[in-house]
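Hi everyone, thanks for making time. I'd like to walk you through one model today, so let me put it on the screen.

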Amino acid sequence: MTQFLRSIFRWARLGVGVFALALAGCVVPETGAPIPVQTQARIAGGEIVIAAPRGFCVDPKTLRDAPGASFVLFGHCPAMARDPAQPRPSAPVLLSVTLGPEDNLSDSARIKTIAAFFETDIGRATLARSGRTEDVDLIEARSGQGRLLLKIRDRSAPASVAEAQVFWRMITVIEGRIASLSVMPLAENQVSDARQRELLVEFISQIRAVN
C-alpha cells in the first residue's frame, strides 16, 4: 500500500512541477487568434470525466493519462482560449487533480490509510515537489465527509515559478479511485484559506456532477 500511495502522489508532484508551463494559462496573450478549449477531460480509459468550476479550462499540454495514474491541470479559460470574452474563474488560482488506479478498499478505509500515511516521513515527502521531507510542512489537516483536507507549505518550488508556497489539497475518492485535488494560488496570501477550501469543494462537486 505504501508503494501504491507513493506512486500516486509522485504524479501529483510531477503535475505541480509543470505549474510554470501552465502560468501562460492565466494571462491572456495580446496577440493570436482564439483557439478551441476544453472544459472537461476524459481519463482512466474514458471511464471518468474531470470538470472544474466555471472559468477553468483543461491545459492539454500537461494532461497525463496512464493505467496507474492520471493528471489534469486547469488554467484560466480566457488565457487558454486567447479570448478575453471567455468566462473568467472566480479566483487567481490553478486547479489540478491526480487520480490513482482502482483498488478493493472501502472509501472510509482509503481515507484512513492515507491519513496515516501522511503522518510518516515518507508520506510527508510525497507532498513536496522535491520529494524531500525537509522541504514541506503539513500545517493543518481536516477530515470528514469522505475527504481529507491538507494545508501544505512547500518550499521546494523553483525560484522561476511564480506561485504561493502555501496551498490546500483534498484527498478523496472518485469512482473507486484515490484522488488528489489541489488549488494553487498564483501569489502568496492572495486567496484566503476559506476560499481555497470552498474551491476544492466546488471542484469535487463538479466532478461528481458529470460522472
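Let me start with a question: is Asp135 buried or exposed? Before I answer, a word on where this comes from. This is a predicted model, so local features need pLDDT of at least 70 and side-chain atom pairs count only at pLDDT 80 or more, while totals for chains, interfaces and linings use all residues. Residues are numbered from 1 along each chain as its sequence is written, and side-chain values use heavy atoms, with hydrogens and water left out.

Now the answer: Asp135 is buried, because its relative accessible area is 11%. For us, buried means under 20% relative accessible area, exposed means over 50%, and partly exposed is in between, with a 1.4 Å probe and protein chains only. Asp135 sits in the loop between helix 5 (121-125) and strand 7 (136-144). Helices (H or I, at least four residues) and strands (E, at least two) are DSSP runs, numbered from the N terminus. The side chain of Asp135 makes a polar contact of 2.9 Å with that of Arg132. A polar contact is a pair of N or O atoms within 3.5 Å; within protein, one must be able to donate a hydrogen and the other to accept it, and residues adjacent in sequence count only if both atoms are side-chain atoms. Beyond its neighbours within four places in sequence, Asp135 has contacts (heavy atoms within 4.5 Å) that include Ser130, Arg153 and Arg155.

Let's zoom out. The protein chain has 6 helices and 10 strands, and 48% of its 211 residues are buried.

Next, strand 6, residues 93-102. Of its 10 residues, 9 are buried, so strand 6 is largely enclosed by the rest of the structure. What does strand 6 pair with, over 8 bridges? The partner is strand 10 (residues 177-185), in the antiparallel sense; two strands pair if DSSP finds at least two bridges between them. In that pairing, Glu102 stands opposite Arg177. Strand 5 (residues 70-76) is also antiparallel to strand 6, joined by 5 bridges, and here Phe74 has Leu95 as its bridge partner.

Phe74 comes back in the largest nonpolar core, which has 28 residues; Ile50, Phe74, Leu181 and Phe203 are those with the most contacts inside it. A nonpolar core is a set of buried Ala, Val, Leu, Ile, Met, Phe, Trp, Tyr and Cys residues joined through side-chain atoms within 4.5 Å. Helix 6 gives the largest share of this core, 5 residues. Ile50 touches, among others, Val72, Phe74, Val97 and Phe203. Apart from this core lies another, of 13 residues, including Leu127, Val136, Phe167 and Ile178.

On to the covalent link. A disulfide, meaning a pair of cysteine sulfur atoms within 2.5 Å, joins Cys57 to Cys77, with S to S at 2.1 Å. The link is right-handed, with 95° about the S-S bond. Cys57 lies in strand 3 (residues 56-58) and Cys77 in helix 3 (residues 77-81), so the pair ties together parts 20 residues apart in sequence. Both cysteines, Cys57 and Cys77, are buried.

Last stop: helix 4, residues 107-117. Which residues are buried there? They include Arg110, Ile111, Ile114 and Phe117. These four cover an arc of only 125° around the axis, which means they are on the same side of helix 4; the arc is that of the directions from the helix axis to the C-beta atoms.

That's my tour, and I'm happy to go back to any part of it.
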